[in-house]
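Work through the exercises below with the structure in view. Try each task before reading its solution.

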Amino acid sequence: MPDLLAVDGLHAWYGESHVLHGVDFVVRQGELATLLGRNGAGKTTTLRAIMGIAGRRRGSVRFAGAELIGLPSNRIARMGVGYCPEERGVFASLSVEENLLLPPPVRPGGLSLDEIYTIFPNLLDRRRSQGTKLSGGEQQMLAIARILRTGATLLLLDEPTEGLAPVIVQQIGAVLRSLKERGFTMLLVEQNFRFAATVADRHYIVEHGRVIDAIDNAALAANEAKLHDYLGV
Amino acid sequence: MNGRFAAVLPAALLAAALLVAGGAGAQSPDAVRIGVLADMSSLYADLGGPGSTVAVQMAVDDFGGSVLGKKIEVVSADHQNKPDVASSIARQWFDEKGVQMITDLTTSSVALAVQEVARADNKVILVNGAASSDLTGKACAPTSVHWTYDTVSLANGTGAAVVKAGGDSWFFITADYAFGHALERDTTAVVEANGGKVLGAVNVPLNTADFSSFLLQAQQSKAKIIGLANAGGDAINSIKQAAEFGIVAGGQKLAGLLVFVSDVHSLGLQTAQGLQLTEAFYWDQDDKTRAWSKRFFDKTHKEPTMVQAGNYSATMHYLEAVKAAGSLDSAAVIKELKSKPIDDFIIRNGHIHDDGSLVHDMYLYEVKKPTESTAEWDLYKLIATIPGDQAFKRPRGNECPAVKG
Amino acid sequence: MFSWLHIAMPPAPALFAQLLVGLINGSFYALLSLGLAIIFGLLNIINFAHGAQYMMGAFCAWFLLDWWGIGYWPALVIAPFAVGAVGIAIERLLLRRLAGLDHLYGLLLTFGLALVIEGLFRQRYGSSGLPYTIPAELIGGKNLGFMFLPVYRGWVVVFSLTVCLATWFVIERTRLGALLRAATENATLVQAFGIDVPRLVTLTYGAGVALAALAGVLAAPIYQVSPLMGANIIIVVFAVVVIGGMGSILGAIVSGFALGLIEGLTKVFYPEASNTIIFVIMALVLLVKPAGLFGRAA
């Protein structure tokens, strides 16, 4: 499989503070890769820098062969990158359905509204509700669901399981696996490596603004001690 | 909205006003300075404003540019119709900038405030823009002259003419400050002295855009005459909206108690036709007024109002008095001014009374119909000339200590 | 039981007339505060140039008539586009540079712009204003029994109410409105979904300015077309927006009309206070509900 996303020597700054110090990794077409690491390691910043919404950035981010550094975030989205932020970003002044329909289709091949409601039946029931009246799990579903419509082929998911009950986490895991079957490529930021292990093909360990290790999911068991050391769990 | 901003804004505006007041260019240390303190930017700016500065400068130039061997300089500032701003500027001019005389002084509240500064500093002010007869009534000052017109002469002009023509019941729409109250009071006195009566009045804040509510109140009063005791933009909007609300069509008449030629020009004859008004000066009186007005027009592209012409007259007489007195001393200059008749092509048959009022002929005009007008500024026809003694006569006497019996 | 009230009260028909007149003024407040609310919502800028832009709308109508003989009805369409285009230029060249800074900077910049624009017009056209007549179709009035209602004033109420409701509909019920509301909440995320937010911001500012210009054209036949007309009304409109809740569309419309009514009543019962009553109400509302009547607490 070719690389869909290739990050090379990525630096990023928030104002004066230098957060990413040369991040390198690749995500292949159709795979689900994770960025694992402690709080403050630079995982979320890496996603935001790929999306073009971190502060200043330098280095190279290539998506399907095209350079993203220098492009505004709306152009990056239009190339087929979908973003689901850590804080979920559900809009309070929009209904559930308005939230779902907000991101414009960027290329053909997105899921239809019916397909989305089949995957997330809760959203169908509550489509007239105000977005932020949903439960935390439902809001997370909504945040994922709305980037499936657009035809984006690479999904950037920032800690979709954070703060959710185990049964909801399981549901989200199921959703991610079904998305992979549908051919989506995903980059997942996680703190919960046990959850990550259930969905991912490959894990990148982020520390101090760099990727310091890469572990295939198959080799995860063998590397558990090392992983504990990295993540401090 | 924003506390910091609200706190900073007034101070900034005052500072800006004072900066402008000081910004009169390079100042020679030994010059005779004349200050034009006017509404340069708001609703009265067209009847006085920058045109007043032009008129004063014309007088200085016609006088020869120097007096008693000193160069004459004209400084000007915007008082923003705020008495506190005007007082600050006047004080600074008198105390620090060597200004000898201040003129224009449109807006009665401003003129009354500056008159107190002048009284304290013993400086001359020649009031042309303000109307309140209190300037020469209970607030009269020894070194002030109220030059062009006042509320008494407006009342004796328009007010008396309207009552005599049958308009014997009145309702006032009054600008809610010194000028409006004085005009309402003086007109009421004239109306009652001529056998009319006043049914009511409504006080309207200065610079109101919409008069329809007040016009409806006037309409419901059933008064024959709606007296507009306001001026400038306020008078324009009242007249325009009265037409819209069918006031005149409904049988009531408007009496614009202070309407300037600039207002009539702005309204257009279609709206303003038939209005009677009192003026001290009209550009089209005779060859002399036309010749001077043409010079003024070439500089400003507008015909002069009586305020602007009055500034020319006042400055000219002031400089002649300085020359004759051989001194800039305020008392000496005022004594000189009062010693001779004031009679030029602007102010006719005039003399200055002890209360500071310049008593002179006034004119009752009527605004022409569009069909009667032959040019853009051909706006008035003369109805009557009102001799000074009649125009400035106070039906209830004068409270000025200098003349009170 | 309340018969003593009638002593101080004008007769009911007179009161109706005053309320109607208040409603007319309220429609100008509503139109102007609507534009301000839209701009504040998305740009987070307190657009102090709104009064100057309203004045430019009226002048645009006057220019069209005086220079090219283009009358009121075309002006109602042309002026908002022309002045809106000026607004777009202002946003592109100036306001954009202030993105992300404190409100105070936008306020000071637009306040300065308003002074410059009004100063230039005053320099050229004086302060007493230029006449603009009511279009022939709307001349005259209807006797409603309790008052003589000029047709033009009736038109102003109906037209501005329509524009207000249409604007409300666009913002609350359409996809474009959903984009605007979302961008107001989180512009970064909306842009990360592929929306050209900077362009949306520019067009929104242009639309808010166009609303001001539209109000200016409506006002031209009632008031003189004067460089000062905006400076006189803008402070009141700010108070209306604050009362309604900064950035609240519905708040701007409802409080615009309501305050027109209250001001109208004040003109009957205590006219001297008619230009301060709105600020008194503003102070009271801020004490009780700092976010305004329809505002969401931050």
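**Exercise 1. Two domains in chain B**

How far apart do the C-alpha centres of domain 1 of chain B and domain 2 of chain B lie?

*Solution.* Keep in mind that this is a predicted model. Start with the bounds. The domain assignment gives domain 1 of chain B as 18-149 + 287-359. Domain 2 of chain B is 157-279 + 362-391. The C-alpha centres of the two domains lie 27 Å apart.

Next, look at where they meet. Here 21 residues of domain 1 of chain B are in contact with 20 residues of domain 2 of chain B. On the domain 1 side, the largest share comes from helix 4 (residues 108-121) of chain B, with three residues. By class, that side has nine nonpolar, eight polar and four charged residues.

**Exercise 2. A strand inside chain B**

Decide how strand 9 (residues 225-229) of chain B is placed, and find its partners.

*Solution.* Step one: count burial. A residue is buried if 20 or more other C-beta atoms lie within 10 Å of its own. Five of the five residues of strand 9 of chain B are buried, so this strand is largely enclosed by the rest of the structure.

Step two: separate the faces. In a regular strand the side chains alternate between the two faces of the sheet. On one side of strand 9 of chain B are Ile225(B), Gly227(B) and Ala229(B). On the other are Ile226(B) and Leu228(B). Both faces are covered.

Step three: find the partners. Strand 7 (residues 169-175) of chain B runs parallel to strand 9 of chain B and is joined to it by five bridges. Strand 10 (residues 253-256) of chain B also pairs with strand 9 of chain B in the parallel sense, over four bridges. Gly227(B) is the bridge partner of Phe172(B). In strand 10 of chain B, the bridge partner of Gly227(B) is Ala255(B).

**Exercise 3. Which chains meet?**

Of the two pairs of chains in contact, which share the most contacts?

*Solution.* Rule out one pair to begin with. Chain A and chain B do not touch; their nearest C-alpha atoms are 24 Å apart. Of the two pairs in contact, chains B and C share the most contacts.

Now take that contact. It involves 39 residues from chain B and 38 residues from chain C. Several elements of chain B give two or more residues to this side, among them helix 1 (3-22) and strand 8 (197-204). Helix 8 of chain B gives the largest share, seven residues. The chain B side divides into 13 nonpolar, 19 polar and seven charged residues.

Turn to chains A and C. Their contact takes 19 residues from chain A and 16 residues from chain C. Helix 2 (73-78) and helix 3 (96-101) of chain A are the elements that give two or more residues to the chain A side. Helix 2 of chain A gives the most, with four residues. The chain A side has 13 nonpolar, four polar and two charged residues.

**Exercise 4. A sheet in chain A**

Zoom in on one pair. Strand 3 (residues 32-37) and strand 8 (residues 185-190) of chain A pair in the parallel sense over five bridges. Leu36(A) stands opposite Glu190(A) in strand 8 of chain A.

**Exercise 5. A helix in chain C**

*Solution.* Now check burial. 19 of the 23 residues of helix 9 of chain C are buried, so this helix is largely enclosed by the rest of the structure.

How values were computed
Residues numbered from 1 in each chain as written. Chains lettered and ligands numbered in written order. Predicted model: local features only at pLDDT ≥ 70, side-chain atom pairs only at ≥ 80, totals over all residues. Contact = placed C-beta atoms within 7 Å. Nonpolar A, V, L, I, M, F, W, Y, C, P; charged D, E, K, R; others polar. Pairing = 2+ DSSP bridges. Buried ≥ 20, exposed ≤ 12 C-beta atoms within 10 Å, placed from the backbone. Domains from an automatic or database assignment.
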